[in-house]
Structure formats: C-alpha cells, structure tokens
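Take a look at the model below. The walk through it starts where the chains meet, then turns to single elements.

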2 protein chains.
Amino acid sequence: MIFMKKEKRMKIKYANLEPIMYAKSVAIIGASENPEKVGHVILQNYIDSGYDGKIFPININSTGKIMGIKSFKSILDVKQKIDCAVIAVPAAIVPQVMEECGKAGVKGAVVVSGGFAEVGETKLQDDLTRTANKYSIPVIGPNCLGVMDPRSRVDTLFLPTFKIDRPKIGGVSFASQSGAVGSSILDMINNEGFGLARFISYGNACVVDEADILNYLMNDKDTKVIVFYIEGVKRGKEFVETAKIATKIKPVVIIKGGVTEAGSLAAHSHTASLAGSHEAYEAVFRQFGFSVATDIRDLLNFAKIFDTQPLSTGNRIAVITNGGGTGVLATDALYQNNLVMAKLSKESETALKKSMPPIVNIRLPLDMAGDADDRRFSAALEAIENDPNVDAIMAITLFQTPGADSRVAATMINYATNMKKPMVVVSMGGSYTKAHKEMMESAGVPVYDSPGDAARSLSALISYSKYKKGII
Amino acid sequence: MIFMKKEKRMKIKYANLEPIMYAKSVAIIGASENPEKVGHVILQNYIDSGYDGKIFPININSTGKIMGIKSFKSILDVKQKIDCAVIAVPAAIVPQVMEECGKAGVKGAVVVSGGFAEVGETKLQDDLTRTANKYSIPVIGPNCLGVMDPRSRVDTLFLPTFKIDRPKIGGVSFASQSGAVGSSILDMINNEGFGLARFISYGNACVVDEADILNYLMNDKDTKVIVFYIEGVKRGKEFVETAKIATKIKPVVIIKGGVTEAGSLAAHSHTASLAGSHEAYEAVFRQFGFSVATDIRDLLNFAKIFDTQPLSTGNRIAVITNGGGTGVLATDALYQNNLVMAKLSKESETALKKSMPPIVNIRLPLDMAGDADDRRFSAALEAIENDPNVDAIMAITLFQTPGADSRVAATMINYATNMKKPMVVVSMGGSYTKAHKEMMESAGVPVYDSPGDAARSLSALISYSKYKKGII
C-alpha cells in the first residue's frame, strides 16, 4: 500500500502522550493579556476549566504577571519541573522555542502555531522536528488545535468557549488531522448525548502521528471507543501494526477525507502530503476491523452505539414500534444494511399474545398501535429480551402519540441499559420528542433520528463484533 | 407494473379536496367534552388554531353545547351549509354517519376513525365507500390523522399540540399514507426551517387516494414542493397519468415504505393491501422525474432545497469553506453524488487573488482559512456567483472559528436568497452554530448538517432540473 512519504522522526517507536494529556504543570508560551492573541485564549481556557496543575505563562515581553499569574520571559527562567509546553508563537521562532523547551526538560509539547509544511515551509517544520527529536519530546502539531481532556481539564483549544460546546466526561476519544473537522465534531458531541475521553487535533504531525495516537488511545483506560478523522497516514508499517492490535482491544471508527480521486487531490492541497490511494486504505481498514463511516453523521452514530451497547455477532433484529409506517421503513433499513428481521420464538409469541390487545398482530415488526403506553412497551421488551431468536432490539418510540410520555422514556432506559443484548431507540420529531431524546441519551441509551441511522449503527456494531470474535 | 388491487370508488376521476382544505364550515362528528376523546382534541384544535369558519359540534348525546359551542345530536339537525365533516366515531356507525352527511349535503369528509380494512373489516370499509360514492363525497381516510393547513387553519389532527410542533406557513405539502410517519415528519418540519402548505394523512384511502392527492397538490397554487410517503398506490393508471403532468409542474419528493422484500411484506401487513413490486414503482418514479429519498432525513433535506433554491441543470459545484478538512469531505461528497468540483474562470481567479490573503490557495475547494470573516466570505461569493464555470455553490461556514459570527450568517442570507444559481450552506456544530443555522433557515437559506447531506440535496435538485428540461 502507498502511504504518505516518510519524514524524519524521533527514534522512539510510539510517543508517550501522558505528559501532555495528564500534565501536572504547563507552560503556555505566547501567553498574553491581549484577548485577540491565541495565547490569551489558551491561558483563559486553563483558568476557566479549573485545571489544578501549575500554570506558567511565558511571553518575551512579560513584565511579571499575565492575567494575574506569575509570568516569565523564557521557559528557561521557570526553573521548575514542566510536564507540557503549549506553544503559540509565530512559526519562525518555534524551533528556537523548542530548543529552550528541550533545555528546560519539558516532557511533551503542543504546537498550535500554523505556518509550516501546510504553507510550504517544510524546512522550518524539519527544524522543529529535528529539535524535538534531539530532546525526545513528543510534539503534537504544528498547525493544530491541540488537546482537550475533560478529566485532567487540559484544554489548548484556542476557540472561544461560547462558540464551541465542551463535551462532558465520557468514553469516546476523538483524534483529527483537521482542526476544522475536529472542532465541529467536538462541538456536536454534546448533542449526541455521549461524553469525551480525549480530543487530539494533531495537524501536520511533525512528531506525534496517527500510529502514536492509535497506540496511546488503545492502551488508555478511559478510552472505550476510538474515533479518527484522517487524510493520510505518516508511517504505514507502524499504523498497520498498531491497528491490528487496537481493534482487538476496542472499536475504532474512522472517516477518511479524500476517498475519491478529486477528494484525494483536495486532501493533498490541504495537508501538503500524498494521501495515498483510497483502495489501499480501504483494504487496510476492512482487513483490521475498523468501522468505516462515510459521513460525519455516521461517525457520531457509530460512536454512540459502541459507547453504550454490548457487542453482538448475531444480526437478527426485533423491531417494535408504536407507528406502523415506521416499522415498514425500519424493515427496509434492516435489509439494506445486512441485517434481518428476527422471527419470534413460540414462547415470546405466547407471552405477547397475553400482554398485547387483540388489535396487535403478533409478529415482527411488532406494531403496538398508536395508543401504546409504557406498560405495553415494557411488556413487549420483557417478552422479547430473552428470546433466543433475537440478537438485538430496535425500539421505535414516537412521542407524538397519546400513550408515549416520559414513562416510555424511562422504560427504554430501564431495558437499554440493563439488557445483555444491544438495543437502540428511534425517536423522530420536534421539541417534545427532543426533550425525551435527551432524557434517554443522558442515561446512556443510543437514540437515533431515523430507522436508517439506527440500522447502519447496529450493522457497524455487529460487523465489529464478528471481526473481534474472528468470525469474518 | 403491479399496483394495489382495485377497489370500488367514485366515478369522478380526481376528487376535489378544496371543500376539505378550505372549508368555510365544519361539522365535528364525535365532538366531546371528555378530553380523552379524539373528537374533543379535534374540536379543541379548531378552537385553538383560530379557525374562522363555522364549527358545528355533533354528538348523539349532545345537550346543547360542547365546549361552549352550540352542538347538535345529528348533522341533519344543523340545517345550514356544511363544507366538511370530520368524523371521529366508532367504526361500526361510520357508514350510517356518512349517509347522514350525504343527506346534509356535505362537500367533503375526513374519517379519522380506525377499525376498517387495516384490521380486516373490509365489508365495513366497502359500506363506507359505497355511501360516500352515492353522494359523491370525497372522503379522506379512514384510519388516518386527516388534514392540516396553516393558512385555512383546518386541523383534524387528534394529537395534542404540546406533543407535536405545528409548522409555519410555507410552500411544502406533505401527504402520507402512514399517520405515524406523517406526524413525526410534520413534527420535524419546523426544525428544518421551512413551512407547510398542506398536510394530508390519508390512511386507508377508501375514496381519496394517491392519484387524487397528487392531482390536487400539483394544481394547488400554495404548494411549491410535493412530498409523499407511500406504501402502495391504489389506482396505477391514474397515478402514472397524474405523475407525468405533476413533475412537469413542480418537484415531487417521494419515499416508499416496503422497498425490500421483507419491508414490502411488513407494508402488506400494515395496510392490508398488496404493495406491488418495488421494481415497478422504482421504474415509474425514475421515468417520471420523482426525487426518490431513501430515508426520512433525505426527504426533509430534498424538500428544503426545492422550497428555496432555483433549478440548475449544471452539476459543476463551487465549494468554499473556512475549514480545510471539510473542503476535502465536501469534495468526496460531490463525486459520490454525480457532481463535480467546478474549475474557476480566469476572471474569478484574478478577482479572488486580489481579495484573498496570500495564504489562501486560489482553487476549489476554496479554503479561506480559519480566520475568514464576513468580508472574506462575501468577496469569495462575489467573485464566484457570476462565474460561467460554476453552476451552484456549497458554502461551508464553521461557526467555531474566530471570524465566523452573525455577519457571516447575514452574508449567506444575502447571497443564497438573491443569487440566480442554487446555493446551499453547511454548518456543523453545537449551540452557537444552531443559533446561526436558525437565523439562516428562517430567511430561506437551506442549511445542512454535513457535506454529504448538502451534496445529495444538490444532486436531487440537478437531476430534477434536467428531467424538467427534458435533458435526461
């Protein structure tokens, strides 16, 4: 396979990102009182987030204090242990600043400054890489947003907090080559109801690259699901080697920019590197059990099911609904996504016949009619949950109907969070529906906007489950 | 092609729905003081909506007034002109009630009651149809939600208003065989920023069927876009005949439930009729220029672009963005949807070179960098809008970036609502982004959540434009 061209990099096979993600002390180089400066926003973030490590603002023009915190003209003046340096100074002086970081003994660095290889300044970037390697400093960036971690409250994002929602603590880690894609997805995570473990926007990847990040996240105990936006991979051999192990440990959801020829050229222009053939990537992704998303919506949808639901190698889905037409659309969606409608066991049929009103046809999709309430939904789930012919459940709860209210939401929470099989909920609608969707999602239920979204997500879960068990 | 089996129906080829949609007087049969009754909710809707026609509540147990309005034991007691009867009484007495409606001279009826062919009571439904035909009454239903029209304020939906958002006045008409699909989509329309012309949930279609509705909506001056959810078509010949004309007048977006074999069986169980082969439908849809949506999201996305944007037969799209990675994803999305990236003319290139900072590469996708503000977006759109090499524009505005604010939203509104070419906006994010998305949508800009959604919608618009001009 053709991966991006090799570049000089440090000897250590996989960079340790712990000093960056869990820095007990951080130097913010380029910190400023001027709110228009990136270094100001970053310092403000560290103050606002409640970061409880030591903060050392560094600015060549420092007069003793920046934003009320003791500041320094150079990192060399600090004379204390510094885990991480966040560098937000003009590109031209970054290599020199890195040299000082090396002398000061920093253990990791994030370079948010742009103006390197992405604008043709490859020599400047090589200088930066060389200096970082000389001191064995894992560097994230340059030309990136850096990192965010709601647990350690590290937050190098130089985007105002009012413009971008910060996610709650959770199990999904998201790494993005592109800062734009990274920040917009980060901003969408809250709306999807799941929480964040680590966010890493790694830009030009002068030292820390995809293989390093994958290696770090697969071993990270807080990360349950790894999500990646990539345009290319720096070290093919190491990436493949890591991928093989990573997907045996936890799910990796990936979206690649540049999957068409034109898109690949756009990626080339964007990252100034060869993006490699799509077919080569696709082959690797499939071979090593990545869950490939074709758009950003599926990326989030897949992350949501992996974050909350158990694995299942079986593809027989039981659809229950309080709206007949949605049952028809769900049936179509199953068969369009390599899933099949389950056939109920005799025991389930008997139980359902007892608990459903005579108007309800006892077969899947189970249309429980528009007046179905929490008791009817609960009876259906109780009858089906242990049915050996059912591998997973899709419950369609339309909150427009008279019987559907917060008790139905509570029923969904009860089953979806306790059952040993995967369960997803589909709820489509406006403000009343959204309020209930949020209730369910805050309790860990994956709720989807359409039967198609739910079916694609179940299909991704089942494909990965089979890969992990060696069935494919 | 195989359509659903023929049933007895009235002689008039296409039913006139005007007496239902624009009723100046309405009898609500089954009206009740009891809030648990469907007839109560419907009467309440007419009162709440500000309907300014005459309302006649009818209930066999009437004691003179229902909810403060003079009521009658039978429609025959009213002795005034009645345009429309809304019938919400037990199925068994519906044929008799219809007989009385005929004698009372009603011009149209909506039967919301269920309990007919969908539960095997075909004789009861045949009785209803026969009676309606005897008096030439166009009947919508039975087993449906009926109609809603924000202009005439007719609203037979027996769903509480707090559970389902009522859309604003607009140009999209939506007809649905399924009440569940109908109500959930109706509930989602507000969130998509466009408004509603007519909503018709037609259920078992005992008299008024798909051909009637298509015929009515194609001639309806308030309807700009027709959207349909169907599981089958009652009268194949008439439907095809109408479809031929309809798509030459205005766009018809359609989603069919039961496109897989299993889904078709589920549809059969749902509507108690043969749904017909998917291939036959697909062939008709394609032949007559329908825009076929494969899920509910695309149905809404397509409606949005048709409602607001001019037609275009050219597929050369100019993508401009303030985030490089999203430009890459958008490029992929174009080529995955039969679109191509436009190549700028020399004139546009020259203009852009003057207006963009040196860091910006003058080519499409135009990555204007993270600090692009309203002036930069405006300069780009001004340079591109009249470029003869550009057929349509996709502007990606990421509101997470420092330069993007409400002025950028205003710029999008200015161009997307005045330009002679189609323009769509992509904005992905959380609360700050959503506020700006709503601003743009309320002004008539189609805003999408992902480059894929935008590309599929542009592709639907272009395919339809070509069909209409006879290019395919």
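How many salt bridges are there between chain B and chain A? The count is two. This is a predicted model, and every value here is computed from it. In one salt bridge, the side chains of B:Asp453 and A:Arg297 meet, with 2.0 Å from N to O. Polar contacts between chain B and chain A number 23 residue pairs, with both residues at pLDDT 80 or more.

Several elements of chain B give two or more residues to the side that touches chain A. Among them are the strand β13 (252–256) and the helices α5 (179–189), α8 (261–271) and α10 (296–308). Further along chain B, α15 (431–442) and α16 (451–468) also belong to this list. The element that gives the most is α11(B), with eight residues.

Now the extent of the interface. The size of an interface is often given as the accessible area lost when the parts come together. Between chain B and chain A, about 4700 Å² is buried. Carbon and sulfur atoms give 60% of that area. On the chain B side, B:Lys163, B:Arg297 and B:Gln400 lose the most area to chain A. Together they account for 15% of what that side buries. In terms of contacts, 66 residues of chain B touch 66 residues of chain A.

Next, the symmetry. Chain B is superposed on chain A by a rotation of 180°, with 0.0 Å of shift along the axis and an RMSD of 0.0 Å. The two copies are therefore related as by a two-fold rotation axis. In chain B, the C-alpha nearest this axis belongs to B:Arg297, at 5.7 Å. Of the interface residues of chain B, 100% are also interface residues in chain A, so the copies meet through the same surface.

One residue shows contacts to both chains. B:Thr401 sits in the loop between β18 (392–396) and α14 (406–418) of chain B. Is B:Thr401 buried or exposed? B:Thr401 is buried, because its relative accessible area is 9%, under the 20% cut-off. Beyond its sequence neighbours up to four places away, B:Thr401 touches A:Leu159 and A:Lys163 in chain A, and B:Asn322 and B:Gly370 in chain B.

Finally, a helix in chain A. In α3 (residues 94–104), the buried residues include A:Val94, A:Val97, A:Met98 and A:Cys101. Seen down the axis of α3(A), the buried residues fall within an arc of 155°, so they line one face of the helix. Their cover includes the strands β1 (25–29), β5 (84–87) and β6 (108–111) of chain A, as well as α4 (122–134). Just after α3(A), A:Gly105 takes a positive phi of about 80°.

Methods. Residues numbered from 1 in each chain as written. Chains lettered and ligands numbered in written order. Predicted model: local features only at pLDDT ≥ 70, side-chain atom pairs only at ≥ 80, totals over all residues. Heavy atoms only, no water. Helix = DSSP H or I, 4+ residues; strand = E, 2+ residues; numbered from the N terminus. Buried < 20%, exposed > 50% of the residue type's maximum accessible area, 1.4 Å probe, protein only. Contact = heavy atoms within 4.5 Å. Least-squares fit on C-alpha atoms with pLDDT ≥ 70 in both. Arc of directions from axis to C-beta. Buried area = accessible area lost by both parts, 1.4 Å probe. Salt bridge = Lys/Arg side-chain N within 4 Å of Asp/Glu carboxyl O. Polar contact = N/O pair within 3.5 Å; in protein donor to acceptor, adjacent residues only side chain to side chain.
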